[in-house]
Amino acid sequence: MRVSRFLLSTVKETPSDAEVVSHQLMLRAGMIRKLAAGLYTWLPLGLRVLRKVEAIVREEMDRAGALEVLMPAVQPAELWQESGRWEQYGPELLRLKDRHDREFCFGPTHEEVITDLIRREIRSYKQLPSNFYQIQTKFRDETRPRFGVMRAREFIMKDAYSFHLDQASLQETYDLMHQTYTRIFTRLGLEFRPVEADTGSIGGRYSHEFHVLADSGEDAIAFCDSCNYAANLEMATSRLPAPVHEAPREKEKVSTPGIRTVDEQAQMLGISFDRIVKSVVVIADDKPAVFCIGGGDELNTIKAARALGATNLRMAEAAEVFAATGAPVGFVGPLGLPSGLTVMVDQQAAQACNFSSGANELDYHWINLNWGMDAPLPTAMDGSSAGNAGAVFRPPVADLRTVRAGEQCPRCEGRLAIRRGIEVGHIFQLGDKYSKALNATCLDEQGRSIVMTMGCYGIGVSRIVASAIEQNNDDKGIIWPDAIAPFQVALLPMNMHKSQRIRDAADVLYSELQAAGIEVLYDDRKERAGVMFTDMELIGIPHRLVLGESKLDEGMIEYKGRRDAESQDIPLIQAVEFIKARSG
């Protein structure tokens, strides 16, 4: 492609409203242009990258035996009402009406549509398992679209849905999709991690996210430095420390005027955080609940909601805390809470002994509390008691805290590290959530009608483009992995408008590179060398060939890889083979 015939719309200045590197560089490189909040036009340069990502995703999905379909972006409300998500999904669902006043939505995802299709098309177990995918535009009405295409309202997504006779079959396809995603992100040239994750609004009982590691990532992920354990921070757990064995002391109520925080409590009482159990009050599905966790720990609200089976969970306001417990904020504790109030204890806090906690009374705390003697005895996850025999009411134990870096891996002797990640893929075991709601059944080998089991598998295609930039850039611009670069090589003839021999040599080399199947951006503009170099470094083309008078006299051409510190001279006659070898 000659630059004179290409829309190369580079910008020198960094746009003021671009918050992250990928957004800045996609605008500066002329890959996208903003139409409205969260809506972007893809220019030719950006679209070339997007199509390359799509091609790799499509090749690997086809290789895995998935069948490509294309479903409508606009979906009837009836399907969403049938699944129960029309009201559940919330304001992110863009609702609209046609001229006949019938309700529709612009699809953020397609579970309902594919399930409706399959319940009409599949009748027998002989047609299972089956896996269908599409690459299509989605729309989610984000409250605050930001970071360019990273969190846009309209985006390109690959979504796939599999249907099975039983859980064993689903597991096989789920494992295959895990392998397929691993191949996709490896081919894309990205540093990534698959992590255990919460299923969120999509539902189901088991899922993995695929994260591109980048400091700008919105998600935190924990992973082991010794084994393959990795999980989103919403799901991550660590090995329980060995319980402390010491003789219980006599509990004592102490005056703690004005002390409301754990830091103040530890300082006044002269104790460490591991001697404190704090009680966090939340409102879960409009009902209060109390979670007891270690003094130095943070309540993981996703884990807490899951433990309660709650759809919505938030921290209680001061008035709500008092109404639920009879105690002001900062003085709530497990001893003497009102009967009937939901109470849960974190699995680490359940091992505490001789600990301090709020006394459910203004300006007072307990010290030397012990589970089963003073406070209700927690019930371990396996139903056994976590301590000595004691009170009749036994709050259940669950993993409720957020892990910290350096804690021991739950699977081996390694230690957990925490990094930021950008979610670019998510695979789910849906079970029968949608197939049961929409009555998607087929006949088994005995002729019985059974509800099909489902999986779903998503990849944010447009988000991958931004994620690749977040992971591959420098102060000059983008550094594309070869597999998704808009062009493989930039051909830069110096002053060819003044030299016919340079023009002729560049034209010949351009034709030879194209004949070899190499994608070339031929800069035939009447521009200074500095402008050419700056533009090509900004747009991130992996390989650069510079043709000049003095080098041409020697039968040489200058080569520089985008990641190289220095350029090198290579024989002009070998340039095509050299680029073929370098670009894979």
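Lys97 stands opposite Glu103 in strand 6. Strand 6 (residues 103–106) is joined to strand 5 by four bridges, and the two run antiparallel. Helices (H or I, at least four residues) and strands (E, at least two) are DSSP runs, numbered from the N terminus. Two strands pair if DSSP finds at least two bridges between them.

## Basis and confidence of the model

This is a predicted model, in which local features need pLDDT of at least 70 and side-chain atom pairs count only at pLDDT 80 or more, while totals for chains, interfaces and linings use all residues. Residues are numbered from 1 along each chain as its sequence is written, and side-chain values use heavy atoms, with hydrogens and water left out.

The mean pLDDT (the predictor's confidence in each residue, from 0 to 100) is 93, and 96% of the residues reach 70 or more. Over residues 381–392 the pLDDT is below 50, and this stretch has 22 contacts in the model beyond near neighbours in sequence. Contact means heavy atoms within 4.5 Å.

## Nonpolar cores

A nonpolar core is a set of buried Ala, Val, Leu, Ile, Met, Phe, Trp, Tyr and Cys residues joined through side-chain atoms within 4.5 Å. Buried means under 20% relative accessible area, exposed over 50%, and partly exposed in between (1.4 Å probe, protein chains only). The largest core has 67 residues; Phe185 and Met536 are among those that touch the most other members. Helix 2 (residues 44–63) supplies the largest share of this core, seven residues. A second, separate core of 26 residues includes Leu341, Val345, Ala350 and Val397.

Not counting residues up to four places away in sequence, Phe185 touches several residues, including Leu190, Phe192 and Phe210. Met536 lies in helix 13 (residues 529–539), where Met532 and Leu538 are also among the buried residues. Gly540, with a positive phi near 85 degrees, follows helix 13.

Helix 5 (residues 111–121) is mostly covered, with eight of its eleven residues buried. Among them are Val113, Ile114 and Ile118, together with Glu111 and Arg119. Pro129 is found in the loop between helix 5 and strand 7 (130–139). A cis peptide bond, with omega about -5 degrees, joins Leu128 and Pro129.

## Two loop residues with positive phi

Most residues other than glycine have a negative phi, and most peptide bonds are trans. Phe147 has a positive phi, near 65 degrees, and is placed in the loop between strand 7 and strand 8 (154–164). Phe147 counts as buried because its relative accessible area is 16%.

Asp286 also has a positive phi, near 70 degrees. Asp286 is in the loop between strand 14 (277–284) and strand 15 (287–294), and counts as exposed because its relative accessibility is 75%.

## A buried asparagine

Asn472 is placed in the loop between helix 11 (461–471) and strand 25 (473–474). Asn472 counts as buried because its relative accessibility is 7%. The side chain of Asn472 makes a polar contact with the side chain of Arg563 (2.6 Å). A polar contact is a pair of N or O atoms within 3.5 Å; within protein, one must be able to donate a hydrogen and the other to accept it, and residues adjacent in sequence count only if both atoms are side-chain atoms.
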